[in-house]
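Have the model open beside you as you read.

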Amino acid sequence: MHGDGAESTGSHPSDISAAGILKVCEGPITPLSCLDKDCTPCPRASSCPSHHFWAGLQSVISDYLSAISLDNLKNSDFITSEHPHCL
């Protein structure tokens, strides 16, 4: 029988977030590379008319993915009133 993958990390599934999984598998979770803190800052960020929009979207995505654990995903219990957009 195969484990759930968390045992190889030494972490409990409730301590592993969807954000952490995606970061390891896909890299930074940003809608635009200029929002990635590891990239060279965009020289136009302060005057970009859409920068705040994209930064806000990144914050919402990050908060949502950080709130969902591997345990939640395994048990499909992330669909709650706290996350109604998952219904």
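1. Leucine 65 is found in helix α2, where helices (H or I, at least four residues) and strands (E, at least two) are DSSP runs, numbered from the N terminus. This is a predicted model, in which local features need pLDDT of at least 70, side-chain atom pairs count only at pLDDT 80 or more, and totals for chains, interfaces and linings use all residues. Residues are numbered from 1 along each chain as its sequence is written, and side-chain values use heavy atoms, with hydrogens and water left out.

2. Leucine 65 has a relative accessible area of 13%, so it counts as buried (buried is under 20% relative accessible area, exposed over 50%, partly exposed in between, with a 1.4 Å probe and protein chains only). Leaving aside neighbours within four places in sequence, Leu65 is in contact with Ser17, Ala18, Ala19, Leu22 and Ile29; contact means heavy atoms within 4.5 Å. Leu65 and Ala19 are 46 residues apart in sequence, yet their C-alpha atoms lie 4.7 Å apart in space.

3. Which residues of α2 are buried? They are His51, Gln58 and Leu65. These cover an arc of only 70° around the axis, which puts them on the same side of α2; the arc is that of the directions from the helix axis to the C-beta atoms. What covers them includes α1. On the other side of α2, His52, Phe53, Val60 and Asp63 are exposed.

4. Isoleucine 29 sits in the loop between α1 and α2 and, at 23% relative accessibility, counts as partly exposed. Not counting residues up to four places away in sequence, Ile29 touches Ala19, Leu22, Lys23, Gln58, Ile61 and Leu65. Between Ile29 and Ala19 there are 10 residues of sequence separation and 7.9 Å in space, C-alpha to C-alpha.

5. Ile29 also lines the largest pocket, along with residues including Ala19, Lys23, Pro28, Asp36, Gln58 and Ser62. The elements that give two or more residues to this lining are α1 (18–26) and α2 (51–67). A pocket here is an open set of points on a 1 Å grid over the protein atoms alone where a 1.4 Å probe fits, with protein on both sides within 12 Å along at least five of seven lines; lining residues have an atom within 4 Å of a point. The volume is about 230 Å³, taken as the space filled by probe spheres set on the points, which are joined across faces, edges and corners.

6. For the chain as a whole, the secondary structure comes to 3 helices and 0 strands. Buried residues make up 21% of the 87 residues.
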